[in-house]
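My notes follow in the order I checked them.

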Amino acid sequence: MFVRRSLGAVACLGACALVTAAPGHGATAASKSVPFQRGVTVADFGRDGYPPIATKRLLRRLRARHVDTVTLLVSWKQNGARSVEVRRSPLTVRDSHIVKAIRSARRAGIRVILRPYVDRNDGGWRGQIRPVSINRWFASYRRFILHYARLARRERARGFVVGTEMVSTSGYDRRWRQLVAAVRRRFSGFVTYQANWDEEKRVTWWDAVDVISVSAYYEVAKSDDYTVADLLEGWREPFATLDALQARVNRPVMFGEIGYRTVRGTARQPWNTNLNGPYDETAQLRAYEAALERWYRVPFFRGFAWWYVSPKGKLRKLKGGDHQPAQPSLDAMTRYYGTAR
């Protein structure tokens, strides 16, 4: 998990100010068939990530909790914000392990969304990439994405994410449309882009994908002490934003990531992995309950990919320092996932 920043001041690039998705654009056949996802993200890193036996066990436990969809990650790196090369790194999971994870999920009766994404070796955020040559960067990024689009098709993944929180480059409308079209020539499932939680209104090419995906780290709490009712009120503005967006571009909405840490006040800045506070499972639980209550039965909503669980346990050792759900939050998710919409 990485710190997510609000980038409301970041300007859109390219044709962002010039192109808008036409309200009358008809939904694609794939967008009409995007399933509701009782989902979680299964995250792992390193060449030996997603160890087959541990991953198989985890997937079976998730299926017992009524999980029907998992998002699997794979990351490549670029050196810094100005770099033009996206390449494998020591944190990149080998293809054979990704393939085995997809197959284990399918055998467990779980759909798979494959999400390849970029990180930076200098520790900066992918949303602030500004390559010295946008042409060279997109050429490199395209090779990266299409490699996994082909893998996703071979292994019959259900969904594919062409980019994640690429705030500083998502304004290049034409280039992203070309990339989506290239992915569709290689992958037959549904395709999406995962916008940052303050970026979704500025993406101009939602009509090119099948579903609007958001890293939904909305700041729904005003203080460290909150009730579920307080958080439901905090969801009012994000709900209105996404409701208006889906009506305008005629695409459903999903949360490609959503999660809360087990620290006091986590819903105040859910994206902030450095937020200080005492360990607090109740703060996380209330945030889960509010999100599930607000969104689970919304007709245009296509589900959650909760961040995160891992076959290796926690990715960070600090207690409460990451977004892995504690037992009460897992139980709340399970209760909802076991009910009809």
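I began with the crossing of helix 3 and helix 4, which is right-handed in this predicted model. The axes of helix 3 (residues 95-107) and helix 4 (residues 134-154) come within 11 Å, and the crossing angle is roughly 35°. On the helix 3 side I listed Asp95, Ile98, Val99 and Ile102, and on the helix 4 side His147, Tyr148 and Leu151. Sorted by class, this contact has five nonpolar residues, one polar and one charged.

I went on to helix 8 (residues 281-295) and helix 9 (residues 327-337), whose axes come within 8 Å and cross at roughly 15°. Helix 8 is therefore roughly parallel to helix 9, as angles under 35 degrees count as roughly parallel. The crossing of helix 8 and helix 9 is right-handed. From helix 8 I noted Glu281, Gln284, Leu285, Tyr288, Glu289, Leu292 and Glu293, which meet Pro328, Ser329, Ala332, Met333, Arg335, Tyr336 and Tyr337 of helix 9. By class, I have eight nonpolar, two polar and four charged residues in the contact of helix 8 with helix 9.

Next I asked which residues of helix 9 are buried. They are Ser329, Leu330, Ala332, Met333, Thr334 and Tyr337. The cover over these buried residues includes strand 1 (37-42), helix 8 and strand 8 (301-309).

I then picked glutamate 293, which is found in helix 8. Is glutamate 293 buried or partly exposed? I have it as partly exposed, because its relative accessible area is 47%. Leaving out residues up to four places away in sequence, glutamate 293 touches Val228, Leu232 and Tyr336. Between glutamate 293 and tyrosine 336 I noted 43 residues of sequence separation and a C-alpha to C-alpha distance of 8.7 Å.

Leucine 245 counts as buried because its relative accessible area is 3%, and the cut-off for buried is under 20%. With residues up to four places away in sequence not counted, leucine 245 touches Glu200, Trp206 and Ile212. Leucine 245 and isoleucine 212 lie 33 residues apart in sequence, with their C-alpha atoms 9.0 Å apart in space.

I also looked through the backbone. Tyrosine 50 is not a glycine, yet it has a positive phi of about 50°. I located tyrosine 50 in the loop between strand 1 and helix 2 (52-64), and it is buried at a relative accessible area of 1%. Histidine 66, also not a glycine, has a positive phi of about 70°. Histidine 66 sits in the loop between helix 2 and strand 2 (69-78) and counts as partly exposed, with 35% relative accessibility. Which residues does a cis peptide bond join? I found tryptophan 307 and tyrosine 308, with omega about 0°. Tyrosine 308 is found in strand 8.

Last, I wrote down the totals for the chain. I have nine helices and eight strands. Of the 341 residues in the chain, 60% are buried. The accessible surface comes to about 13400 Å², and carbon and sulfur atoms account for 49% of it. Taking contacts between residues at least 6 apart in sequence, I find that 78% join residues at least 24 apart.

Methods
Residues numbered from 1 in each chain as written. Predicted model: local features only at pLDDT ≥ 70, side-chain atom pairs only at ≥ 80, totals over all residues. Heavy atoms only, no water. Axes fitted to C-alpha atoms, helices over the stretch in contact; angles between N-to-C directions. Helix = DSSP H or I, 4+ residues; strand = E, 2+ residues; numbered from the N terminus. Parallel < 35°, antiparallel > 145°, perpendicular 65-115°, else oblique. Left-handed = near helix turned anticlockwise from the far one by under 90°. Contact = heavy atoms within 4.5 Å. Nonpolar A, V, L, I, M, F, W, Y, C, P; charged D, E, K, R; others polar. Buried < 20%, exposed > 50% of the residue type's maximum accessible area, 1.4 Å probe, protein only. Areas by Shrake-Rupley, 256 points an atom, 1.4 Å probe, with all protein chains shown as cover.
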